[in-house]
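Here is a friendly tour of one protein model, going from its surface and overall build to its sheet, its helices and a single residue.

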Amino acid sequence: MKMPYRGILNVLLSDGVVSGLVIIDSVGNIWWHTGLFPQIDNQILDGYKLLSEWVCYPQSIKVCGVEYQSFLNSYPDSWILKSTQAEGSIILQLCPKNKYYFLCFTKEAQDPLKTQQRIAEMADLFG
């Protein structure tokens, strides 16, 4: 199976732009993941809750026990959230071809807007 998005993913991971990617299907199930994400007390990602909360435009949300503030909500295409403890950002990006989602974690030093553009390029190749 050809997976052209992985070329961009490998660059983003090797350059330290993102440290992890989770691919979530349209109902919140985890389809695939790689890398690392911050979490507290080994809390598991609840993809269904994340997607459900996104629709409501919350000001903040906990993901794997870590508190994030909504930075830019462009529902239904992308959502950028920044950690309240300066631990980085998470970016949720719709993959337009198959309606899956990419969830990426970035370190605090990264510009989340520029990173979201790269993740959107990667998401366009998926499916």
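How much of the accessible surface of the protein belongs to carbon and sulfur atoms? The share is 51% of about 6800 Å², with areas from the Shrake-Rupley method and a 1.4 Å probe, where for residues only the protein chains shown count as cover.

This is a predicted model: local features need pLDDT of at least 70, side-chain atom pairs count only at pLDDT 80 or more, and totals for chains, interfaces and linings use all residues. Residues are numbered from 1 along each chain as its sequence is written, and side-chain values use heavy atoms, with hydrogens and water left out.

**Overall build**

The protein has three helices and seven strands, where helices (H or I, at least four residues) and strands (E, at least two) are DSSP runs numbered from the N terminus. Their order from the N terminus is α-β-β-α-β-β-β-β-β-α. The radius of gyration, taken over C-alpha atoms, is 13 Å, close to the 14 Å of the globule rule for 127 residues, so the protein is as compact as a globular protein of that length. That rule is 2.2 Å times the number of residues to the power 0.38. Buried residues (under 20% relative accessible area, 1.4 Å probe, protein chains only) make up 43% of the 127.

**The sheet**

Seven strands form an open antiparallel sheet in the order β2-β1-β7-β6-β5-β4-β3; strands pair if DSSP finds at least two bridges between them. β2 and β3 (60-63) each have a single partner strand, so one side of each is left without a neighbour in the sheet. Within the sheet, β1 and β7 pair over six bridges, and valine 18 stands opposite threonine 106 in β7.

**Helices on the sheet**

Angles run from 0 to 180 degrees between N-to-C directions of axes, which are lines fitted to C-alpha atoms, for helices over the stretch in contact. Contact means heavy atoms within 4.5 Å.

| Helix | Lies across | Angle |
|---|---|---|
| α1 | β1, β2 and β7 | about 145° to β1 |
| α3 | β1, β4, β5, β6 and β7 | about 30° to β6 |

In α1 (residues 5-14), Tyr5, Ile8, Leu9 and Leu12 are buried. Seen down the axis, the buried residues of α1 fall within an arc of 100°, so they line one face of the helix; the arc is that of the directions from the axis to the C-beta atoms. They pack against β1, β2, β7 and α3.

**Threonine 106**

Threonine 106 lies in β7 (residues 100-106) and is buried at a relative accessible area of 0%. Leaving aside residues up to four places away in sequence, threonine 106 touches Val17, Val18, Glu87, Gly88, Ser89, Ile91 and Thr115.

Technical notes: Buried means under 20% relative accessible area, exposed over 50%, partly exposed in between (1.4 Å probe, protein chains only).
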